[in-house]
Amino acid sequence: MVLSLIATLVVSQANPIWSGEFVLRITGEGKSKAGPFSGTWKIDREAKGKFVLDRSFKGAGIARTEDSKNEARYTTWIANRRQPATLKFDDLITVRGPLHSAKEIRFDTWQYEFPIPGKSTSDAGEVASAILQIDSVKGTYTLESPRIYAAARTYFKRVFVEGPPKWVATKPIVRDEVDVQFDIIGGLNSPTEWTKMSGPFKPGQREIVLTRKLPFTAPLATMPTAKLNAEIVCVLKLNE
């Protein structure tokens with residue numbers, strides 16, 4: 001037992017661990033009209049949780065990093081295990097307008113819900129796959145965003161509302177499913193700023209406070225994009 005404890009302490013000291021606590025919110029609602037198209041959106045999403053970056057190595061761990069094999073320049077931490085996260089969202093997006101021709105009008109509805117109404121009262125999801133990379137040459141950190149997901153309801157309905165008789169008589173298309181790993185950013189237009197987030201990093205630094213406003217939008221066919229209010233706050237701490 002003593003030898004086992006000593007071995008555990010040695011591993012712990014040799015492999016410091018970063019952990020990050022985060023809150024991500026994506027919200028917004030409105031209406032839009034452009035020519036024959038009209039649409040509405042109401043997005044209300046929140047995720048909270050913690051990820052643990054429990055494996056480290058020398059060199060870059062994020063794809064397409066310059067000089068990626070330079071072990072003296074980069075140190076990388078990755079999350080080996082999934083962690084629990086708290087998710088809640090209840091979204092509704094609609095689009096009305098032509099599909100194949102100007103005279104064939106459809107009305108589309110998308111819904112994304114978690115927890116699933118009538119099926120679960122749990123708000124538990126998971127967070128995985130985060131990567132933290134330190135660049136000692138530039139004096140920066142880069143966080144590759146984690147995957148945050150849950151088993152959520154995804155609903156789509158298309159009704160053929162206006163046009164030739166054959167078009168209007170078409171049976172509605174309905175898909176009401178459970179996506180077992182629906183991502184917190186699923187069904188939205190995701191900005192490149194979400195994928196990787198960087199900032200200054202000084203030698204010996206033991207805490208990173210990352211705050212970003214992110215330009216997510218709701219998809220509305222050919223209409224102007226529906227801007228959303230999105231922000232992540234993440235505090236990473238080094239535990240040795």
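1. Start with strand E4 (74-78): it gives the largest pocket the largest share of its lining, three residues. Strands here are DSSP runs of at least two residues (E), numbered from the N terminus. Alongside E4, strand E8 (131-135) also supplies at least two residues of that lining.

2. A quick word on what you're looking at: this is a predicted model, where local features need pLDDT of at least 70, side-chain atom pairs count only at pLDDT 80 or more, and totals for chains, interfaces and linings use all residues. Residues are numbered from 1 along each chain as its sequence is written, and side-chain values use heavy atoms, with hydrogens and water left out.

3. Back to the largest pocket, which has a volume of about 290 Å³. A pocket here is an open set of points on a 1 Å grid over the protein atoms alone, where a 1.4 Å probe fits, with protein on both sides within 12 Å along at least five of seven lines; lining residues have an atom within 4 Å of a point. The volume is the space filled by probe spheres set on the points, which are joined across faces, edges and corners.

4. Who lines it? There are 20 residues, and those nearest the centre are Ile-134, Phe-201, Lys-202, Pro-203 and Gly-204. By class, you get nine nonpolar, five polar and six charged residues in this lining. The classes work like this: Ala, Val, Leu, Ile, Met, Phe, Trp, Tyr, Cys and Pro are nonpolar, Asp, Glu, Lys and Arg are charged, and the others, Gly among them, are polar.

5. The second largest pocket comes in at about 200 Å³. Its lining has 15 residues, with Thr-65, Tyr-74, Gln-133, Asp-135 and Thr-142 nearest the centre. Strand E9 (140-144) and strand E12 (196-200) each put in at least two residues, as does E8, and E9 has the largest share, three residues.

6. Now for salt bridges, meaning a side-chain nitrogen of Lys or Arg within 4 Å of a carboxyl oxygen of Asp or Glu. The whole structure has 17 of them. One pairs Lys-138 with Glu-66, at 3.2 Å from N to O. Lys-138 sits in the loop between E8 and E9, and Glu-66 in the loop between strand E3 (55-58) and E4, so this pair ties together parts 72 residues apart in sequence.

7. That pair also belongs to a salt-bridge network that links Glu-66, Asp-67, Arg-73, Asp-135 and Lys-138.

8. Is Lys-138 buried or exposed? It counts as exposed, at 54% relative accessibility, while Glu-66, at 44%, is partly exposed. Buried means under 20% relative accessible area, exposed over 50%, and partly exposed in between (1.4 Å probe, protein chains only).

9. Another bridge joins Asp-176 and Arg-153, with the closest N and O atoms 2.9 Å apart. It links distant parts of the chain, strand E11 (residues 173-183) for Asp-176 and strand E10 (residues 147-162) for Arg-153, 23 residues apart. Arg-153 is buried at 16% relative accessibility, whereas Asp-176 is partly exposed at 47%.

10. Lastly, Lys-213 bridges to Glu-231, the closest N and O atoms being 3.8 Å apart. Lys-213 lies in strand E13 (residues 207-213) and Glu-231 in strand E16 (residues 229-239), 18 residues apart. Lys-213 is exposed at 68% relative accessibility; Glu-231 is partly exposed at 30%.

Technical notes:
Helix = DSSP H or I, 4+ residues; strand = E, 2+ residues; numbered from the N terminus.
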